Amino acid sequence: MMSPAHYLFLSLALFLIGSIGVITRRNVIVVLMSIELILNAVNINLVAFSRIFGDVSGQVFALFIIADAAAEAAVGLGIIIAFFRNRETVLADEMDLLKW
Amino acid sequence: MLLASGKVEPRVQSFPVLPQMTSTLQAILTLLQTWWVEITCGVVIVAVVPLIAGYVVLVERKLMADMQARLGPMRVGPHGLLQPIADAVKLLLKEDIIPDNADKLIFWLAPVISMVAAMTSMGAIAFGPAFQVARDINVGILFVIGVSSLGLLGIILGGWASNSHYSIIGAIRSTAQLVSYETAAGFAIVSALLLAGTLKIRAIVDAQQQSGVWFIFLAPIAFFIYLVASIAETNRAPFDLPEAESELVAGYMTEYSGFRWSLYFLGEYANMIVVGSVATTLFLGGWLRPFSNVHWLDWLDILPPLIIAAVGVYCVYRAGKQPVPVQTWFMWAVALACFAVAAIFAVPLFVAPLKFVVPGLHGAFWFLLKVSGYIYVFMWLRFTLPRYRFDQLMHLGWYILIPLAIVNVLAVGVALILEGEFGWNHWLAAAVTSLVTLGIAAFLVNLHDKRTAAASSPAAASVTDPYAG
Amino acid sequence: MVTPFGYFLTHLWLVPLFPLTTASLMLLIGRLLPKGAVSFLCVGSVFLSFIHAAGAVFELLAAPPGHRVFQSILFEWVTAGVMPTLAGPTSFAADWGYLLDPLSSVMVLVVTGVGFLIHVYSIGYMGREGGYYRFFGYLNLFMFSMLTLVLANNLLLLFVGWEGVGLCSYLLIGFYFLKKSASDAGKKAFIVNRVGDTGFLLGIFFITTTFGTIRFTSQGLGDPTGFPGIFEALAAMVHQGRLAYGAPVLTAIALLLFVGATGKSAQLPLYVWLPDAMEGPTPVSALIHAATMVTAGVYMVARMNAIYQLSPAAMDFVAVVGALTAVFAATMALAQTDIKKVLAYSTISQLGYMFLALGVGAFAAGIFHLMTHAFFKALLFLGAGSVIHALSGEQDLRKMGGLWNAIPATSRPFLVATLAIAGMPPLAGFFSKDEILGRTIARSAMLDRYLALWIIGVFTAGLTAFYMFRLLNLTFFGRSRIPHEVEHHIHESPKSMTIPLAILALLSIIGGWVALPALWGAESPFEKFLEPVLSGVIPETGAIQFAHHPLIIEYLLMAVSVAIAGFGIWLAYRLYLKFPHLHSKVAASWPRLHKLLNNKYYVDELYDAIFVNRIKDLSTAFALFDARVIDGLGVDGSASLTRILSRISMWWDKWVVDGLVNFVGKFTQLLSHPVRMFQTGLFSSYAMWILIGLAILLGYYSRHMEVLVRHLR
Amino acid sequence: MLDSIVFYFFAGVAVASAALMVTRRNAVHSAVLLVTTLLATAGIFLQLRAEFIFIAQIILYVGGIMVLFIFVIMLVRLDVALQHIRFRLQRWVALFVAFALGVEITIVLLFARRLPGQGLLIQEPASADKLPPNTEELARSLFSSYLLPFEIVSVLLLVAMVGAVVMAKKRINDQ
């Protein structure tokens, strides 16, 4: 068991990388993957602190987050497939219907 | 092997401390002292599994020949006993082709993934009370399942990387197939775990030991489901659509050859061994001897050496019939080896100070025997049944196995409650719940058949495309 | 008191309804029906209305003589407000009602009976024509209008029927509308009738403002005390002395109505449309332009006899016009070479006879002649039609002859009709014509105007006999002048045409015998039958007195007229059979006269010169005025003005109003531009903004470190 | 010492492959690298003695979600290298912001460490062998105190399943 700062920095790094991915990637699938990465960073924090405090609640919430990630991936990929079927593209900068 | 357990002290004391060693060397030594069993087991697995796989192939070919009234490989060694080695040599010497436009990195990575996954999952399996790499990981069975399911990544990546239509179709087929059948298998395993009440592998076996009955008798439907699902998971006939020769040349392995191909090959056979071991652990009582908790039957411990010795005797008998003297000598050698092993199994039974090895050795023997029986069933089915169509496959998985498995989990739970709260005999509870489950399953299947018969329309037909599932 | 009437009278409204139904059927979906169905429906409907009419008449006869009036009001048709009239303020009302009295019963029998025969005839005659359903539709529409006319119980409804028959005659004259002459004839008939109708309409207005009502009579209505009819009003006003005998109002009304009559019944000076009307199919000429429609004027005058009887001047005018028309048309008929034209002019002159009778006050005689004339003139036209049919469309007398034995079923009835119109006893024509002549002479005390009228009448009788027999000889006797290609297929007409001929021949023989007792001085039952209608409102003052000559003089007069007719026949025999070339010599001997007659006294040209061309000039002038002044100044000027104005307003709108709007829009755009840069619609950029916000927030909070730490704890 | 070896190994693998995942242009490579990251994270969990999370991570993430991802990548046939045309400026901004954020948090953490008596490390965690068996513990709290969230999560999964099916359903009239 390392000091919590290690885990915090690790999750910080993963979080930053993930957010950079979310912002800069054009491929929506990769964007979704980056979101998964961010969720993982959160999980690391949760598990680490549950270990520190000797309380499994953190792990419970990590489980919830994993389930949540599964749901989010399923729906997101479904949307992506539908979008691809209509627009023949999965590029983020061509999904600009939010502006209307 | 990182899961070092706390109780290392006795072994440390069993080794004399060497003061002149530098600290680092000492540290390494302590590591070795602590985990020599794990390391040896890992090495043994990595080294032996390819050999076993080769001989499984030989057995498979021999069985096929027998069922088809042929002889099978006879040339290399007596009765083709050296055939696997010849095959391995051939494969290793083959030219290693990587097609253009293939994604080199992933093409290289994929077979390794599936191989490594199979091997790693094997690491958590207990081949006996003594022989286990990951000793007391408390999610053992889940570890096995999850890691072996990583092999799927190898398959799909390989199919994608080789940039060929056959490959990708095979890959996607196998992905769909595995995803759908893992669900059913998971439910079957869950119902066995309910009976065991733990995830640790040894604890499962001990539970069967205490309840005095293998779980196959308490949850027969679960065992059946797991049998079918495991056949589908290992992509074997009649579910071998991902590598159906007649449809896609060799499925995801089309572009592979030589060493990489053999890696995939090993992965598959290792997977067979894994699922066989899981089934054995969960349903067939692991390394337990038949009637292991009936003490007046302890004389059955004599069986393993007797069986091995019988094999040796048979080898002696065949030795006289060999056409070439070399082969005669070889058979004699095999016979002597068998006698030696039989002796090794037999001696501890009678020499009191060596008694403590008995459970380990015999357990390993029984475990491997059961696994090979399981694999024998695989082969039997493969030579017997024709291949499924893909939509039939999906239909079986989603419409029959998964509902049946879910119902079965509930049924097992009910059985446990009946046994625990109402004090039924577990045989009775198991029988009743199984019958109920079968009734419900029959009802479901009947219902679904009616609906499909009603809605047999082009719309319903056009949904079953190879990407379905 | 009202006698209980039977089915036919109470269902009198069915009589006009049948033809209306089939007419609308034909004109709506007739195109889809086969010929058999068309003829069955139309002829059947006319037959049904004939049956109903006959039944109604018989039920009427069953009533005692005083009460032979049946009147049924279907519904209130027109209701106008109160208006000042000579009879005091009254509320004007016209109802849609049917009146059956002796006069209208005669008319309705003639119309339906002859109409039915001519329908049957048309089946054969129009058999091979196009527009079969159209023809029968028009014919049925005509039957409906004519029945409405004769059964109407007020002047307005009568006017409706009047205009309806006018329309039908226009349609049927122009039946072959591809022939320019046919359509022109139709238009001519229509326009000339308009002239007459103007007078008629004015007369109706005059009557309305005079009597406050247009219903003929209120007899036969449930309560006679309902608002009165014309006759009751007239009687009342005369008794109160508000209207005297020969009051100018009455004369004006009578003359105006008579103008309408001249138009419809082709009297001088409005007869010109009738000869051209012969362009229509022959059955139409027979039905409309000989038997029924043209007699509408006679019927109307007879219907209004009460007013006429009160104004001697109008009576004399009618008589003079009738006599002049008679002789005039007869002379014109002499030189015609078209068989139908000859018959047309003879129709005109016979109508003149009828008006002569009306004028001298012998209304019954006029109606009597109307009836008989309907029979034999229809017969003549149908025979002529059959001849034309036989000669495959030839109408020129100079290309006929010698047909007597070729088409017996046509020639024999034709002879009968000719004798009848010539006034040979004992045929129908004899009685009616002799009645008229006798009445005329009976009015004349000494050598006065009535004697002159009588002489004209007798002379006309002679002329009639002459030109009719000229027609007969030229058509059926003497050497055949028929071209050969035509002569090969001369054929007798089918039964559907010859049977009506036979029936009509029978009628024109016996048709006059209803007046037989007049021979021995007794009163004729026909007159007795009509008497309640035709005796005016005030027998004592100013009623028409007829001198009563001894029987011998009567017989003498008959003899004279018959003798003159015989002379005409002999002359025709001499000129056209004995010495076939003599008539051309005669014509050559008076070339001017012949030319004059041949060109019908240049009346048409005269009319053209006087009215038509003037009207054309006027309309061209109006057209010029319209084009130059109204269009040029008014319309175009205002249009261009509007254009200029709209230019200006457009400029204003574009540069000022829109400019303002656009300025607002542009300004808003300008303002919103920096904000829009954030709104890219790309989720990734939104995510970036979120991240930036997070950074900023963190940077802000990290100043309070202990807060953070406490959170971590 | 062994602990630190394990931690640094897995953390290095995780961060390195994550960075590669974000920068690779081939989606499949990204997916594989993400799998590596996830496995490394699972290793971290194991090193934290959270075996159940570890195996759940492997089974759910690697065996389920990532397979789904790769599957979709193959379905949409997107193996062409994608050029980052539009996002140049945005990328630099993102990098800068991320850097700033990292610096901020680092400062915060280090500074918080130096506060007297109230560092991050608040208590010494129980040693590995004194931990209660992880799975049973987890199950107990999951089914006792977190029962309602558990049910909610299962409902959420059901909803997501239905939604995904509806989304990705190929309508018959489409082809």
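Start with helix α2(D). Helices here are DSSP runs of H or I, at least four residues long, and strands are runs of E, at least two long, numbered from the N terminus. Most of α2(D) is covered, with 19 of its 21 residues buried. A residue is buried if 20 or more other C-beta atoms lie within 10 Å of its own, exposed if 12 or fewer, and partly exposed in between, with C-beta atoms placed from the backbone. From first C-alpha to last, α2(D) reaches 30 Å, close to the 30 Å expected at 1.5 Å a residue. That expected span is 1.5 Å times one less than the number of residues.

A note on the model. This is a predicted model, in which local features need pLDDT of at least 70 and side-chain atom pairs count only at pLDDT 80 or more, while totals for chains, interfaces and linings use all residues. Residues are numbered from 1 along each chain as its sequence is written, and chains are lettered from A and ligands numbered from 1 in the order in which they are written.

Next, show chains D and A together. Their contact takes 71 residues from chain D and 57 residues from chain A. Two residues are in contact if their C-beta atoms, placed from the backbone, lie within 7 Å. On chain D, α1 (2-23), α2 (27-47), α3 (51-75), α4 (88-114), α5 (134-144) and α6 (147-168) each supply at least two residues to the side touching chain A. Of these, α3(D) gives the most, with 13 residues. By class, this side of chain D has 53 nonpolar, 12 polar and six charged residues. Ala, Val, Leu, Ile, Met, Phe, Trp, Tyr, Cys and Pro count as nonpolar, Asp, Glu, Lys and Arg as charged, and the others, Gly among them, as polar.

Buried residues make up 57% of its 100 residues. Chain A averages a pLDDT of 84, and 93% of the residues score at least 70. pLDDT is the predictor's confidence in each residue, from 0 to 100.

Move to chains B and D. Here 25 residues of chain B meet 22 residues of chain D. The side of chain B that touches chain D has 19 nonpolar, six polar and no charged residues.

Stay on chain B and pick B:E255. It sits in the loop between α10 (220-233) and α11 (258-283). Is B:E255 buried or exposed? It is buried, because 22 other C-beta atoms lie within 10 Å. Leaving aside neighbours within four places in sequence, B:E255 is in contact with B:P99, B:A102, B:S162, B:S164 and B:S167. B:S167 is 88 residues away along the chain, yet the two C-alpha atoms are separated by 7.3 Å.

Finish on chain C. Strands β1 (residues 70-83) and β2 (residues 90-100) run antiparallel, joined by 10 bridges. Strands pair if DSSP finds at least two bridges between them. C:Q71 stands opposite C:L99 in β2(C). The two strands form a hairpin with six residues between them, and C:G88 in the turn has a positive phi of about 90°.
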